[in-house]
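Hello,

Here is the structure I promised to pass on to you. Have a look at it first, and then read my notes below.

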Amino acid sequence: MTGDQPLVLGLETSCDETGVGIVRGEKLLVDAIASSVDEHARFGGVVPEVASRAHLEAMVPTLERATREAGVRLADIDAVAVTSGPGLAGALMVGVAAAKSLAVALGVPLYGVNHLASHVAVDIVEHGPLPEPTVAMLVSGGHSSLLLVPDVTHDVRSLGSTIDDAAGEAFDKVARVLGLPFPGGPYIDRAAREGSRVAIDFPRGLTQGRDLERHRFDFSFSGLKTAVARWVHAREAAGEPVPVSDVAASFQEAVTDVLTRKAVLACRENGVENLQIGGGVAANSRLRALAQERCDAAGIALRVPRPGLCTDNGAMVAALGAQMLLKGRPASDLALPADSSMPVTQVQA
Ligand code: KG4
Ligand code: ZN
């Protein structure tokens with residue numbers, strides 16, 4: 001170990017990004033990414049087999065690029081961290097196998113970590129130590145969760161999650177209805193800038209009466225997605241043009257309204273004054289603005305990493321691995337599996 005800050009390598013291969021990040025303690029040195037997103041675009045979603053093969057091809061070149069750009073040698077690495085779940089099984093296996101090989105070859109500890117906890121931990125390299133406890137809202141293509149996080153290295157509790165589609169999935173499906181490319185989130189974000197947020201009053205799932213009582217911190221976006229599709233198809237059937245920007249802005253408003261309302265409620269009802277938002281959808285400009293507005297009004301300190309650290313990357317895995325090492329958490333067993341359905345409450349494999 002050079003100085004007293006450990007040099008940690010993080011590998012992420014749970015979906016379509018091959019991410020290799022290197023941190024020294026709480027400082028990010030490099031965040032190298034190779035994405036196979038273009039290979040999935042024509043299928044309108046990530047194809048697991050295609051993603052796995054792309055990871056296999058990209059892993060070593062991305063690792064070489066990361067060490068070169070960070071100006072470090074593999075021999076200087078103090079620990080290896082890897083996403084062991086949740087995610088696509090075959091994709092995860094590529095990263096886990098690579099991480100095991102590196103840990104054995106370098107003779108350093110291996111940390112198999114949870115992808116979702118990593119989305120929370122990444123903010124440490126951006127904004128410093130996480131307040132404890134913090135409420136974290138993770139919104140991505142695969143997940144929408146509200147978490148209570150007393151300690152990101154070993155105590156993550158679930159407050160609620162989506163009961164159907166993930167928030168990012170709703171963005172991707174609505175984009176398809178509007179004829180926008182995959183993944184749809186960034187395209188809807190862009191189209192929405194030209195549209196009116198109040199043009200169409202789309203439903204806010206699980207925010208009223210009995211639904212809210214029973215699913216206080218849960219989300220549902222499937223009804224919203226269907227409502228948008230029905231609205232668009234009715235216009236098309238009537239031979240009228242579809243106002244893409246207005247639909248995008250009104251849909252985006254419905255999603256971000258629900259997300260921010262429930263996140264603030266979760267902070268209030270748990271007596272927590274810190275909210276962190278992560279995951280791909282946290283790159284959304286309206287979500288960031290509305291969350292800031294509502295947190296300011298409620299006296300909650302908001303932390304959101306820069307958009308490039310919200311989407312999947314290796315830096316987040318390295319960030320969590322470094323925290324584990326710094327807090328003296330035991331390393332994972334070298335026989336650790338790739339666990340495609342790793343529960344959010346299990347931080348480490
Ligand atoms: O975290 P992530 O990179 O991968 C998963 O773990 O799923 O998230 C990808 C998701 C996609 O659904 C994508 O459409 C969405 O994040 N996304 C956005 C934006 N950028 C990415 N959604 C809304 N607005 C954005 N600007
Ligand atoms: Zn993710």
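**The pocket and the zinc site**

Helix 6 gives the largest share of the lining of the largest pocket, with 7 residues. Please keep in mind as you read that this is a predicted model.

Let me stay with the pocket for a moment. The volume of the largest pocket is about 1,100 Å³, and 41 residues line it. Nearest its centre lie Ser140, Gly141, Asp172, Phe182 and Pro183. Two or more lining residues come from each of strand 3 (27–35), helix 4, helix 6 (167–177) and helix 7 (185–192). Sorted by class, the lining has 18 polar, 15 nonpolar and 8 charged residues.

Now to the metal. The zinc ion (ligand 2) is coordinated by NE2 of His115, NE2 of His119 and OD of Asp312, at 2.1 to 2.2 Å. Along the chain, these donors follow the spacing H-x3-H-x192-D. His115 sits in helix 4 (residues 115–121), while Asp312 is in the loop between helix 12 (307–310) and helix 13 (315–326), so the pair ties together parts that are 197 residues apart in sequence. His115 and Asp312 are both buried.

As for geometry, the arrangement around the zinc ion (ligand 2) is irregular, because its 4 donor atoms subtend angles of 93 to 157°.

Enjoy exploring, and write back with any questions.

Best wishes

Technical notes. Residues are numbered from 1 along each chain as its sequence is written. Chains are lettered from A and ligands numbered from 1 in the order in which they are written. This is a predicted model: local features need pLDDT of at least 70, side-chain atom pairs count only at pLDDT 80 or more; totals for chains, interfaces and linings use all residues. Side-chain values use heavy atoms; hydrogens and water are left out. Donors are N, O and S atoms within 2.8 Å of the metal (3.2 Å for Na, K and Ca); water is not among the atoms, so sites may look incomplete. Four donors count as tetrahedral if all angles lie between 85 and 135 degrees; four count as square planar and six as octahedral if opposite donors are over 155 degrees apart and all others between 65 and 115; anything else is irregular. Helices (H or I, at least four residues) and strands (E, at least two) are DSSP runs, numbered from the N terminus. Buried means under 20% relative accessible area, exposed over 50%, partly exposed in between (1.4 Å probe, protein chains only). On a 1 Å grid over the protein atoms alone, a cavity is a set of points where a 1.4 Å probe fits but cannot get out, and a pocket is an open set with protein on both sides within 12 Å along at least five of seven lines; lining residues have an atom within 4 Å of a point. Grid points are joined across faces, edges and corners, and a volume is the space filled by probe spheres set on the points. Ala, Val, Leu, Ile, Met, Phe, Trp, Tyr, Cys and Pro count as nonpolar, Asp, Glu, Lys and Arg as charged, and the others, Gly among them, as polar.
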